[in-house]
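Thanks for coming. I have one structure to go through this morning, so please look at the sequence and the model on the screen.

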Amino acid sequence: MTNANDPITMLHNASERDIVFNGLTKREYFAAMAMKGMIAGNLNTKDIVQTANMAVTQADALIAELNKRE
């Protein structure tokens, strides 16, 4: 199962006993990659709020599809 709120990376503390989560969640990372692609492809970048909403929608769709296959 792909949890949208799981981090994309895990960091261990100095004692190696505890796992510390820092950085982006999977959902944030997927949305950022989608938005990057839309901006690079000049897809509707005049309305940046709409572009951001589309990126989050695409991230959620990817997570849902990944969860269907597990």
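I'll start with Thr 25, which sits in the loop between β2 (19–20) and α1. Thr 25 counts as buried because its relative accessible area is 18%. The cut-offs are these: buried is under 20% relative accessible area, exposed is over 50%, and partly exposed is in between, with a 1.4 Å probe and protein chains only. Leaving aside neighbours within four places in sequence, Thr 25 is in contact with Ala 4, Asn 5, Asp 6, Pro 7 and Ile 8. Contact means heavy atoms within 4.5 Å.

Before going further, the source. This is a predicted model, where local features need pLDDT of at least 70 and side-chain atom pairs count only at pLDDT 80 or more, while totals for chains, interfaces and linings use all residues. Residues are numbered from 1 along each chain as its sequence is written, and side-chain values use heavy atoms, with hydrogens and water left out.

Now the overall layout. The protein chain has two helices and two strands, and from the N terminus on the order is β-β-α-α. Of its 70 residues, 16% are buried. Among contacts with a separation of 6 or more, 30% are between residues 24 or more positions apart. The accessible surface of the chain is about 5300 Å², and carbon and sulfur atoms account for 57% of that. Those areas come from the Shrake-Rupley method with a 1.4 Å probe; for residues, only the protein chains shown count as cover.

Next, helix α1. It has 15 residues and reaches 21 Å from its first C-alpha to its last, close to the 21 Å expected at 1.5 Å a residue. The expected span is 1.5 Å times one less than the number of residues.

Which residues of α1 are buried? They are Ala 31, Ala 34 and Met 38. These residues cover an arc of only 65° around the axis, which puts them on the same side of α1. The arc is taken over the directions from the helix axis to the C-beta atoms. What covers the buried residues of α1 includes α2. On the other side of α1, Lys 36 and Ala 40 are exposed. Just after the helix, Asn 42 takes a positive phi of about 55°.

Thr 51 lies in helix α2 and counts as buried because its relative accessibility is 0%. Thr 51 and Met 35 are 16 residues apart in sequence, and their C-alpha atoms are 6.7 Å apart in space.

Back to α1, for Tyr 29. Tyr 29 is in this helix and is partly exposed, at 33% relative accessibility. Apart from neighbours within four places in sequence, Tyr 29 is in contact with Ile 8 and Leu 24. Tyr 29 and Ile 8 are 21 residues apart in sequence and 7.5 Å apart in space, C-alpha to C-alpha. Met 33 is also in α1, and is partly exposed at 39%.

Ile 8, Leu 24, Tyr 29 and Met 33 form a nonpolar patch on the surface, with about 320 Å² of accessible area together. A patch is made of residues with over 30% relative accessible area and no salt bridge; like charges are joined within 9 Å, and nonpolar side chains (Val, Leu, Ile, Met, Phe, Trp, Tyr) within 5 Å.

Last, the charged pairs. How many salt bridges does the structure hold? It holds two, a salt bridge being a side-chain nitrogen of Lys or Arg within 4 Å of a carboxyl oxygen of Asp or Glu.

One is between Arg 27 and Asp 60, with the closest N and O atoms 2.6 Å apart. This pair links distant parts of the chain: Arg 27 is in helix α1 (residues 26–40) and Asp 60 in helix α2 (residues 48–68), 33 residues apart. Arg 27 is partly exposed at 33%, and Asp 60 is partly exposed at 32%.

The other is between Lys 68 and Glu 65, at 3.5 Å from N to O. Both lie in helix α2, three residues apart, about one turn of the helix. Lys 68 is exposed at 63%, whereas Glu 65 is partly exposed at 32%.

Definitions and conventions. Helices (H or I, at least four residues) and strands (E, at least two) are DSSP runs, numbered from the N terminus.
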